[in-house]
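Subject: Handing over the structure

Dear colleague,

Here is the structure I promised to pass on to you, and below it you will find my notes on what turned up in it. Please read them with the model open beside you.

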Amino acid sequence: PVMQQRTSASIQIQEYRTELDSHTDTCVVGKHAMVFHKTHGYVQVLPFSDSLGTLSHVPIISTAVAYNDHNTGETVLLKIHQALVIDDMDTNLICRMQLRMNDVCVDEVPKFLNVNPNEQSHALSFPNEQGYTIPLSLKGVTSFFLTRKPTLDEYNNCRCIELSYELPEWNPHSQYFAQQEESMTDG
């Protein structure tokens, strides 16, 4: 699943999809992310079908991926806290709610389906980062952007944006979400 390869000054860079996933309840990264902190927590991961079995003892980590902004040429480090790591995955899966709880604006409506598309349409927007925007692409019906494992130099020196928060502890099964939604609806 290498999405794109490009060559820059004889350096070959492989980028992989980081996808918005409507069925994940926590961000999940694979082998093309840099784990920089392991918590003491572990979870059991249940797949969409019982026939696939479960993964037990999956670590909860903080990780980073590098995003190459093709408009500006800048490499931006994206930190994903309270994520799960599954080492044999090529693709990263992003939990939209986890990003939204960190004030990231997630617009997964493709531009061609948007009545009034603009720069923030079909994109991740970061109001706390001077409105920085990462445009999304489509593979079939799945929205994604390309990322790769950062180098140590990039980790230490590139601008950093946090996709998900480090604290409080992420609990995708919390009743808080349903209570907040219920308080905003009639009935």
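Strand β6, which covers residues 75–85, is mostly covered, since eleven of its eleven residues are buried. Please keep in mind as you read on that this is a predicted model.

Which strands pair with β6? Strand β5 (residues 55–68) runs antiparallel to β6 and is joined to it by eight bridges, and one of the residue pairs in this arrangement is alanine 66 with its bridge partner leucine 77 in β6. These two strands form a hairpin with six residues between them, and in the turn glycine 73 has a positive phi of about 85°. Strand β3 (residues 28–29) pairs with β6 in the parallel sense over two bridges, with valine 85 in β6 as the bridge partner of valine 29. Strand β13 (residues 159–162) also pairs with β6 in the parallel sense, here over four bridges, and glutamate 162 in β13 is the bridge partner of lysine 79. As background for looking at these strands, in a regular strand the side chains alternate between the two faces of the sheet.

The salt bridges come next, and the count comes to six. One of them joins lysine 31 and aspartate 90, whose closest N and O atoms are 3.5 Å apart. Because lysine 31 lies in the loop between β3 and β4 (34–45) and aspartate 90 in the loop between β6 and β7 (92–94), this pair ties together parts that are 59 residues apart in sequence. Are the two partners buried or exposed? Lysine 31 is partly exposed, with a relative accessible area of 40%, whereas aspartate 90 has a relative accessible area of 19% and is therefore buried, the cut-off being under 20%.

A further salt bridge is formed by the side chains of arginine 159 and glutamate 74, at 3.1 Å from N to O. This pair links distant parts of the chain, with arginine 159 in strand β13 and glutamate 74 in the loop between β5 and β6, 85 residues apart. Arginine 159 is partly exposed at a relative accessible area of 29%, and glutamate 74 is partly exposed at 27%.

Arginine 100 forms a salt bridge with glutamate 108, and here the closest N and O atoms are 2.8 Å apart. Arginine 100 has a relative accessible area of 35% and is partly exposed, as is glutamate 108 with 26%. These two residues also belong to a network of salt bridges that links Arg96, Arg100 and Glu108.

On the surface, Val109, Phe112, Leu113 and Leu138 form a nonpolar patch with about 410 Å² of accessible area together. Leucine 113, in the loop between β8 (105–107) and β9 (123–126), counts as exposed because its relative accessibility is 55% and the cut-off is over 50%.

Finally, some figures for the whole chain, which has three helices and 13 strands. Of the 187 residues, 41% count as buried, and the accessible surface comes to about 11100 Å², of which 50% belongs to carbon and sulfur atoms. Among contacts between residues at least 6 apart in sequence, 63% join residues at least 24 apart.

With best wishes

Terms used
Residues are numbered from 1 along each chain as its sequence is written. This is a predicted model: local features need pLDDT of at least 70, side-chain atom pairs count only at pLDDT 80 or more; totals for chains, interfaces and linings use all residues. Side-chain values use heavy atoms; hydrogens and water are left out. Patches are made of residues with over 30% relative accessible area and no salt bridge: like charges are joined within 9 Å, nonpolar side chains (Val, Leu, Ile, Met, Phe, Trp, Tyr) within 5 Å. Accessible areas come from the Shrake-Rupley method with a 1.4 Å probe; for residues, only the protein chains shown count as cover. A salt bridge is a side-chain nitrogen of Lys or Arg within 4 Å of a carboxyl oxygen of Asp or Glu. Buried means under 20% relative accessible area, exposed over 50%, partly exposed in between (1.4 Å probe, protein chains only). Two strands pair if DSSP finds at least two bridges between them. Contact means heavy atoms within 4.5 Å.
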